[in-house]
Amino acid sequence: MKSVIVGTAGHIDHGKTTLVKALTGIDADRLEEEKRRGITIDLGFANLELVSDSGEQLRLGFVDVPGHERFVRNMLAGVGGIDIVLFVIAADEGVKPQTREHFEICRLLSIPRGIVALTKCDAVDEDTLEVVRLEIEEFLRGSFLDSARTPIVPASAVRGDGIEQLQRKLARVASEVSAKDSTTLTRLPIDRAFVMKGFGTVVTGTLIGGTIRRDDELQLHPARKRVRTRGIQVHGAATDQARAGERTAINLAGVTTEDLARGMMLSQVGTLEATRSIDVRLQLLAGAKSLQHLTRVHLHCFASETVAQVRFLDIKELQPGQSALAQLRPADPLVVIPGDRFIVRQFSPVVTIGGGVVLDSFPIRRSGKGATDAAAFLYSIENAEPAEALMLRVERRDTEGLRRSDAVKELGRTPASVEKDIARLLESGRILSAGELLVAKSAALKATKDLLALLLEFHKTNPLVGGITKETLRERLGFGEQLFTFLITQLTSGKKIEVQGEQIRLAGRGVTMSVEEERARKIIEQAFSSAGLKVPLLKDVLASLSIDRARSQKIMTLLLREGVLVKLADELVFHRTALEQLRHMVAEEKSKTPRIDVGRFKDLAGVTRKHAIPLLEYLDRERVTRRVGDLREIL
Ligand SMILES: Nc1nc2c(ncn2[C@@H]2O[C@H](COP(=O)(O)OP(=O)(O)OP(=O)(O)O)[C@@H](O)[C@H]2O)c(=O)[nH]1
Ligand SMILES: [Mg+2]
């Protein structure tokens with residue numbers, strides 16, 4: 001069955017609640033205070049099942065809103081998820097201030113369709129009714145409620161006029177609007193939270209996307225809490241699942257009402273996140289004052305309400321009736337996805353001044369020139385098709401790449417549907433997949449070029465070094481682990497580079513050694529590493545080799561450049577591990593005595609005086625020790 005949400009709108013006392021009751025039989029004023037004062041204060045709910053002319057079964061959920069100007073914020077909490085507005089204007093009063101304000105709100109929220117009910121027609125004569133009808137037609141001309149597609153239905157709750165006709169028109173419009181999609185990401189903006197005797201914690205809201213089933217785990221935002229769906233009611237009846245477009249009540253486990261409030265959001269686990277900066281297109285109403293950069297406003301999105309600062313991207317001030325790109329910085333984090341609509345109200349006095357559409361709920365940090373790039377990105381993403389929007393988001397990350405989970409979070413779409421677009425872009429070769437990371441082909445090519453250029457440069461300046469270590473190369477390029485590993489794997493299999501242990505070199509470059517030379521290198525290294533600090537003479541080690549002097553010199557130079565061996569004096573060479581151990585030993589000695597003399601050092605290191613002096617001088621240079629007269633202070 002198709003489910004559609006109908007919201008009332010209109011000035012105070014124009015007969016919204018009375019009309020909902022006449023249509024559904026349900027009194028949506030549920031608070032004692034509402035009944036006593038005869039006005040609506042907070043949202044009320046009702047439901048009705050209808051059959052369209054073509055036989056389609058329709059389930060209408062009604063959200064009845066207050067008309068009082070002081071309760072517009074409550075009206076805003078309910079109007080966010082509606083598909084059809086039942087726009088109520090009393091025949092005896094015509095267009096009044098909240099008729100205008102509610103109309104602007106519905107227009108800014110881009111509510112697709114509506115029906116105009118001209119209520120209290122029993123209170124006026126035929127001529128007056130006709131005059132009011134003309135006034136309303138004039139007021140709505142050219143808008144989404146233009147009389148060409150939106151019927152104006154005269155009604156009287158007292159006499160019962162127009163009620164059946166309204167039901168028929170509602171059924172027609174409801175069958176024409178596109179239903180909310182229950183295959184999208186699940187989101188339930190919470191508009192009420194309370195304890196129900198015998199059940200526990202219950203929240204209600206209009207399910208604006210996806211499906212919720214019994215026993216589902218859901219994420220509560222912005223509290224970052226996991227909750228479980230213990231029971232579900234749709235339109236007051238228990239059910240196993242709620243689908244997008246349904247007024248939904250959920251009995252939650254794992255949370256108490258203290259943790260809950262209107263404006264919070266339930267979503268599918270592990271997909272969405274609340275954000276503190278949102279890039280938007282902001283539209284200012286023609287009747288508003290111009291809006292300055294950095295002004296604070298009240299921001300309403302679905303059931304949430306917070307204060308936010310407005311930062312324009314490419315202008316200083318927004319003129320009435322104009323729109324511009326802006327970044328909103330809400331005081332409280334909220335969950336929004338591209339395409340979501342919002343309303344802004346002046347900070348004080350509080351009146352509706354505009355609204356707009358979310359373009360990017362996770363903008364990339366920027367300053368200075370970056371602001372222009374951000375504006376360019378938003379202009380291009382504003383009207384992009386879904387797959388193209390993904391492409392633009394991958395591109396803007398350049399060599400940093402976009403993680404798949406971030407793509408889901410940024411696009412606000414299900415992992416499955418994002419994967420479909422990823423598959424298409426991968427197939428067309430426009431993006432590459434490096435594990436979790438998506439990188440634009442152009443960025444990957446640039447990264448490859450940079451990597452090869454850096455390697456070439458390295459070989460030129462280090463002719464005697466076999467290659468650069470992986471970590472050094474990655475750090476110099478500033479690439480993330482995943483992209484780097486991906487490029488190295490690609491370039492290795494493409495025989496552009498060679499990897500040996502931790503070293504990378506351009507194919508065919510670097511220092512190449514014969515088998516004999518390799519063996520000699522190992523012998524030298526081994527001789528010094530096993531000797532510890534009691535090192536042999538360099539000339540003795542070299543003499544033991546089966547290769548000539550020129551070649552052994554080359555190997556020595558290599559070992560010294562790579563830092564495997566360290567030369568402290570002409571014939572005095574140590575292995576780096578021996579020196580590292582010495583440093584530790586000396587550092588530990590500090591706990592026993594802050595200063596040592598040469599004698600103590602000789603004992604400690606187990607070396608002769610001949611070696612002790614160069615070693616101590618080395619430690620001085622390395623700032624492990626400092627010479628103080630005949631002693632060494634351990635630093
Ligand atoms: N004569 C007449 N009176 C009506 C009609 N509809 C509503 N009323 C009366 O108008 C008053 C206000 O009606 P409500 O339905 O509470 O108006 P509302 O638009 O819901 O008001 P708020 O929710 O406070 O904005 C009540 O006294 C109703 O009895 C109608 O068709 N004819
Ligand atoms: Mg009411």
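Modeller: Happy to! Please keep in mind that this is a predicted model.

Biologist: Where do T17 and T40 sit in the chain?

Modeller: T17 belongs to helix α1 (residues 16-24), while T40 lies in the loop between α2 (32-37) and β2 (44-51). The two are 23 residues apart, and the pair links distant parts of the chain. Both T17 and T40 are buried.

Biologist: T24 is also in helix α1. Why is T24 called buried?

Modeller: The label requires under 20% relative accessible area. T24 has 15% relative accessibility, so it counts as buried. Leaving out residues up to four places away in sequence, T24 touches A46, N47, L48 and F62.

Biologist: On to helix pairs. Why are α8 and α10 called roughly perpendicular?

Modeller: The axes of α8 (residues 386-396) and α10 (residues 415-427) cross at roughly 75 degrees and come within 10 Å, so the two helices are roughly perpendicular to each other. On the α8 side, P386, A387, L390 and M391 take part, and they meet V418, D421, I422, R424 and L425 of α10. These residues divide into seven nonpolar, no polar and two charged.

Biologist: How do you know that α11 is roughly perpendicular to α13?

Modeller: By the 65 to 115 degree range again. Helix α11 (residues 441-461) and helix α13 (residues 481-493) have axes that cross at roughly 75 degrees and come within 11 Å, which makes α11 roughly perpendicular to α13. A444, A447, T448, L451 and L452 of α11 make the contact with L483, F484, L487, I488 and L491 of α13. Here the division is nine nonpolar, one polar and no charged.

Biologist: And at what angle do α3 and α4 cross?

Modeller: The axes of α3 (residues 72-79) and α4 (residues 97-108) cross at roughly 30 degrees, coming within 11 Å. That crossing is right-handed. The contact involves V72, M75, L76 and V79 from α3, with Q98, E101, H102, I105 and C106 from α4. Six of the contact residues are nonpolar, two polar and one charged.

Terms used:
Residues numbered from 1 in each chain as written. Chains lettered and ligands numbered in written order. Predicted model: local features only at pLDDT ≥ 70, side-chain atom pairs only at ≥ 80, totals over all residues. Heavy atoms only, no water. Helix = DSSP H or I, 4+ residues; strand = E, 2+ residues; numbered from the N terminus. Buried < 20%, exposed > 50% of the residue type's maximum accessible area, 1.4 Å probe, protein only. Axes fitted to C-alpha atoms, helices over the stretch in contact; angles between N-to-C directions. Left-handed = near helix turned anticlockwise from the far one by under 90°. Contact = heavy atoms within 4.5 Å. Nonpolar A, V, L, I, M, F, W, Y, C, P; charged D, E, K, R; others polar. Parallel < 35°, antiparallel > 145°, perpendicular 65-115°, else oblique.
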